[in-house]
Structure formats: structure tokens, C-alpha cells
Amino acid sequence: MRRRLERNGVFDQMNIIVDAFGGDHAPQAVIQGAAMAVQQLGVEITLVGDEQIIRKTAEEQGTSLEQIRILHTDEVFEMHEEPTSILKAHKNCSMAVGLRALRDDQGDAFVSAGSTGALVVGATFLAKRSPGIKRAALAPLLPTAKGVSMLIDCGANADCRPEMLVQFALMGSAYMKNVMGVENPAVGLVNIGSEDTKGRELEIETYHRLQEAPVNFRGNLEAREIPGGEYDVIVTDGFTGNVILKLYEGMGSFFAHKLKDVFGGVSGRLSAALVLPRIKAFKKQMDYSEVGGAVLMGIAKPVIKAHGSSDARAFYNAIRQAKACVDEKMIETLTASVAALQAMEEKKIERA
């Protein structure tokens, strides 16, 4: 991790840059989440946005701005804007300013709950990709019966090539091993069957490449297997991944509503009291705010896409997730993994 030096030559604290005006509940929830992170994680925060509004909001809600810097800009990227406009027409929005600050080493990681498309474009062209990475990929953590699994990609790349999916597998494995502590992450390729002949040309070619890649590839998996948690890294193209993610979120909401129906009425409430701890544990497991956000894998520094409807707790967890990426040197490990794969491919070409 690169640290910035203070004037006296002493290293300063880790600094997480946060888009203060991204998300449905900005800037109130962002400011509260940032203050929680300062108090509980021991990091510094740089909030990017209109300084006057940030200070007024913090004062009104009684939130301390200690250890929080403000990088001023009064422009906000609206959700209806074309994502590529972040590069020129909206180059002074809070997201763009924050990403350039990340590129210029003013922070160690970046968090935003703003437009997903704009974040992918902005991170790719402003913060830049890691060496050797062909495409950045969005990678949320999905709750499963055994903890969490990483889905990569879930929307950044609708059309993919086999070599891109192999890199997704490498990036996902690096995250799950170094940040989540999984010793030998099991990798699965989303398909319509377990046989290596199933699927489109994309899946068939990717299957054979993954067999030779430096990852723990366990073969194809069908979408119904994801909740079981047998696979730590779930690899697919962005179109398929986004469908899986939205269905997952929808089923989580469906289960929550059904639980209310099941435990409705007097007898239901009495029954619920007996299993209340388990119900709370289940709801917490299915709550996106407890995870943090989706990592934008493949960028030169950690970038976290928080959920658009994030509350203060969700922003805190997104910042915590960003800190973990920095602490565990995720980017360095990812770069080394990609370099090792490239070396393997070059040797294959030489032998041929």
C-alpha cells in the first residue's frame, strides 16, 4: 500500500475517499457512515462533494467531522445521465473528482453508491486498470448456506471473451483468499449443465482454459447450486451475472415478506418469539448492508460500489470492505496472479 507522507516525514493513516453525493440517501447516510468508520476502523475519510452542504448536514444531524477531510465540488452525477459523460460533460462531479484523487494517490481506496455504469467507466479511464487486466468486473458477495460467495461479473461486461472470464476467476480467487480468508477458493463456471460440452462457445472455451489456469477450478455449476455455497467464486459474463444478482435480491425480499406472513397473528407472534434469534440471524445474513458492496475488480486501487439504497450502516461496511482490500494487499496479489497466468500462456506459445 502506498502511503502519503506528512510534512514531518511520518506516515499518515489510511485514507478512504468516499463519494458524498452518490446513493438514494446521500449525503446524510454517507456522512453518518463515514463518521462511524473513523470511530471504529481508525481510518481517515475524504468526503467528495459540496463542502457547505456537507458541513451543514453534519451539524444538523449532530455528526462529528473529526478525521474527515472534504474535497469540494458542487456537481453531482445524476442517475439518468449517460455513463460515459463522466469523462467530459460531468468531469467535475463528485464521483469523477474522487476517482481522480484516487489516481493521484490522495487516498488508498474509493467508495460510491452512485451510478454503476458511470463508476465502471470512471474507474477504468480515470483511476485506470491494473497491469494486464483486460476488463474491470463488478463482484458482489452473495449470502450462501456456508457464508458468502463472490459473483463475478454482475454487470460491467455484458459481452465477454473466454480470456476475460479466466481473469475474472483469478481476480475472484485473489479476493476470496486474501480478503475473506478462504484457503483454496473453489471456482465454478455458470452454465446450463455440469458437462464440459454444455453451453455456448464462450462457456465451452472458458471451461478448457480454466482447467489449465492457476485456480481451483471445480467445473460448471448451475444457478440453483449457488445458494448451497459449494463454490467460493462464481464466474460468468456480466449479463448472466446481473440476472442472477437481481433474482437473488428479489428472492431475499420475497423470503422476508413470507416470514412476516408465516408469523402473523397472535399464534404466529408467539411462535416467532421462540425462534426470534434464528430469524434475526437469517435476516442479517440476507441483508446487503452487512456485506458492504460490490468490489470493482481490476482497477489499480480498490473501488467499492455500495448499493444505491445504502443507509449509514451499509456505507460503514463498504468502507470497512475497502479497508480490508488495502490491508490484505488485494491489488498486489491480483497483479501477481495475472502476471503468472500471462507467463504460463507465453510458455505454451513457445512450446507450440
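**Why these labels?**

Reader: Why is aspartate 105 called buried?

Author: Its relative accessible area is 14%. Buried means under 20%, exposed over 50%, and partly exposed in between, with a 1.4 Å probe and protein chains only. So 14% counts as buried. The model is predicted: local features need pLDDT of at least 70, side-chain atom pairs count only at pLDDT 80 or more, and totals for chains, interfaces and linings use all residues. Residues are numbered from 1 along each chain as its sequence is written, and side-chain values use heavy atoms, with hydrogens and water left out.

Reader: What makes glutamine 67 partly exposed?

Author: Its relative accessibility is 35%.

Reader: Where is the place of aspartate 105?

Author: Aspartate 105 is in the loop between helix H3 (94-103) and strand E4 (109-112). Glutamine 67 is in the loop between helix H2 (51-61) and strand E3 (68-72). Helices (H or I, at least four residues) and strands (E, at least two) are DSSP runs, numbered from the N terminus.

Reader: Why do tyrosine 207 and phenylalanine 217 form an aromatic pair, and what makes it edge-to-face?

Author: Rings of Phe, Tyr and Trp (its six-membered ring) pair if their centres lie within 6.5 Å; planes under 30 degrees apart are stacked, over 60 edge-to-face, the rest tilted. By this rule the count comes to 1 aromatic pair. Tyrosine 207 and phenylalanine 217 are 5.2 Å apart, centre to centre, with 80° between the planes. Tyrosine 207 lies in helix H6 (residues 201-212) and phenylalanine 217 in strand E9 (residues 216-221), so the pair ties together parts that are 10 residues apart in sequence. Tyrosine 207 and phenylalanine 217 are buried.

Reader: How do you know that E6 and E9 are edge strands?

Author: 5 strands form an open sheet in the order E6-E7-E10-E8-E9, with mixed pairing. Strand E6 (141-144) and E9 each pair on one side only. Two strands pair if DSSP finds at least two bridges between them. E6 and strand E7 (residues 147-152) are joined by 4 bridges, so they pair. They run antiparallel. Leucine 141 has methionine 150 in E7 as its bridge partner.

Reader: Which peptide bond is cis, with omega near 10°?

Author: The bond from isoleucine 152 to aspartate 153. Aspartate 153 lies in the loop between E7 and H5. The bond from alanine 26 to proline 27 is also cis, with omega near 0°.
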